[in-house]
Each structure stands twice: as C-alpha cells, then as structure tokens.
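Try each task with the model open, then follow the solution.

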Amino acid sequence: MLCRLLNSHPDVTLTFEMRSLLGLEQPPEAYFEHLRRPNPAVPVLRVPGDGPRQQARRSRRFLRRFHKAIRRGAGDGVVGRELLADVLGRLLPRAQVVGDKWPGYLDRLVDEHTLDGIPQLVIHRDCRAVVASTLKRVRGPWGQHAWSKDIDAADKIAHLWVAATERLGRIRERPEVHVIT
C-alpha cells in the first residue's frame with residue numbers, strides 16, 4: 001500500500017518486483033536472466049486509475065521498450081548503473097525518483113556491493129502484518145507454486161522475518177539506506 005501511495009506522487013515511479021537493480025555490471029543476457037519474473041501475471045507498472053488489462057498492457061509495452069533500450073545501450077559491454085539510470089530516465093520522464101519494490105533487495109544489501117551508493121528505502125513491517133498477508137497469499141494465488149510450502153505456516157514466516165530483521169540491523173547505519181518501521 002505504501003508503494004502505491006508513493007507511486008501516486010507525480011515525481012515518483014516505482015516498478016513492482018521488476019528487480020531492475022539485479023545483475024548490474026554484467027552483459028545484457030546475464031542481466032536479463034535476473035529480470036525473469038516469478039509471476040508474469042503481476043504488472044510491473046501500476047498507475048492509479050488503471051484497470052488490470054490496462055496495467056498489463058502498459059507493463060508489457062514498458063518492458064519491451066526497456067529491454068530494447070538496455071540492449072542498444074550496452075552493446076557488447078555491460079549493463080551498468082549509468083545505463084540503467086539513463087534508460088529509466090528516458091522511459092519514465094516524469095519521475096524524479098525511480099525505484100523498484102522487491103523484498104529480495106534486502107539480501108543483496110548485506111551480501112553484495114552492487115547496490116552500494118544507491119539511495120534505498122527499506123520498509124520494515126510488523127511481523128504480525130507480514131505473517132497475515134503472506135498466509136493470505138499462500139492460501140490463495142501463491143498456493144499453486146512448489147515454493148509456497150516453505151512459507152505455509154506462521155512459524156516459518158516469522159523465522160524468515162527474524163532473519164530479515166537481523167540483516168536490516170547490519171545495514172541500518174549505511175548513509176544510503178533509509179528505514180521506515
């Protein structure tokens with residue numbers, strides 16, 4: 001919900017689990033491997049007022065343009081931060097702030113240095129809210145996936161939340177990381 005609220009600001013555009021910051025400093029094909037979406041039915045762009053079909057159409061068009069611009073810009077080189085910023089700046093011209101909602105970035109902040117220096121907003125939710133929303137999804141649309149068995153009980157989800165909280169504690173003092181709890 002906070003992501004949608006931020007996205008309604010005219011200077012902000014947030015993509016939804018596009019994972020665009022993964023695979024930086026790699027050739028385009030390796031970079032695009034990181035962009036493979038676990039659930040292609042979820043739109044990358046959600047503009048307030050758009051219906052599901054319009055969101056899906058807008059997302060497909062954006063992703064086609066994004067892939068084409070990245071391939072053209074990288075050529076035989078790698079997909080670097082500057083190229084990514086340039087492409088997103090051209091494709092999302094109204095935005096002064098561009099971001100991506102993907103919980104897995106927290107792992108990358110601790111284990112890798114590809115996101116160092118990039119301003120990041122981390123939303124740390126209450127464990128009860130995380131457990132409730134995850135169980136709702138596991139009992140609904142996520143239930144068909146094999147990986148859902150790893151998060152199909154409150155204690156399993158709470159264990160993951162504790163691990164995420166420990167990771168957050170290791171990065172909380174970085175100047176580029178801003179935490180909302």
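**Exercise 1. Is the crossing of helix 2 and helix 3 right-handed or left-handed, and which residues meet there?**

Solution. 
Step 1. The crossing of helix 2 and helix 3 is right-handed; a crossing is right-handed if the near helix is turned clockwise from the far one by less than a right angle, and left-handed if anticlockwise. Helices are DSSP runs of H or I with at least four residues, numbered from the N terminus.

Step 2. This is a predicted model, in which local features need pLDDT of at least 70 and side-chain atom pairs count only at pLDDT 80 or more, while totals for chains, interfaces and linings use all residues. Residues are numbered from 1 along each chain as its sequence is written, and side-chain values use heavy atoms, with hydrogens and water left out.

Step 3. The axes of helix 2 (residues 28-35) and helix 3 (residues 52-74) come within 10 Å and cross at roughly 155 degrees. That makes the two helices roughly antiparallel. Axes are lines fitted to C-alpha atoms over the stretch in contact, with angles from 0 to 180 degrees between N-to-C directions; under 35 degrees counts as roughly parallel, over 145 as roughly antiparallel, 65 to 115 as roughly perpendicular and the rest as oblique.

Step 4. From helix 2, Pro28, Glu29, Tyr31, Phe32 and Leu35 meet Phe66, His67, Ile70, Arg71 and Ala74 of helix 3 (contact means heavy atoms within 4.5 Å). By class, this contact has 7 nonpolar, 1 polar and 2 charged residues. Ala, Val, Leu, Ile, Met, Phe, Trp, Tyr, Cys and Pro count as nonpolar, Asp, Glu, Lys and Arg as charged, and the others, Gly among them, as polar.

**Exercise 2. How do helix 3 and helix 4 cross?**

Solution. 
Step 1. The axes of helix 3 and helix 4 (residues 81-91) come within 10 Å, at a crossing angle of roughly 140 degrees. Helix 3 and helix 4 are therefore oblique to each other.

Step 2. Helix 3 passes helix 4 in a right-handed crossing. Helix 3 contributes Phe62, Arg65, Phe66, Ala69, Ile70, Gly73 and Ala74 to the contact, and helix 4 contributes Leu83, Leu84, Val87, Leu88, Arg90 and Leu91.

Step 3. Sorted by class, the contact of helix 3 with helix 4 has 10 nonpolar, 1 polar and 2 charged residues.

**Exercise 3. Describe the contact of helix 6 with helix 7.**

Solution. 
Step 1. Helix 6 (residues 127-138) and helix 7 (residues 154-171) have axes that come within 9 Å and cross at roughly 130 degrees. The pair is therefore oblique, and helix 6 passes helix 7 in a right-handed crossing.

Step 2. Cys127, Val130, Val131, Thr134 and Leu135 in helix 6 meet Ala154, Ile157, Ala158 and Trp161 in helix 7. These residues divide into 8 nonpolar, 1 polar and no charged.

**Exercise 4. Where is arginine 108, and which residues does arginine 108 touch?**

Solution. 
Step 1. Arginine 108 sits in helix 5 (residues 105-111).

Step 2. Not counting residues up to four places away in sequence, arginine 108 touches Leu22, His34 and Leu115.

Step 3. The C-alpha atoms of arginine 108 and valine 162 are separated by 17 Å, with the two residues 54 apart along the chain.
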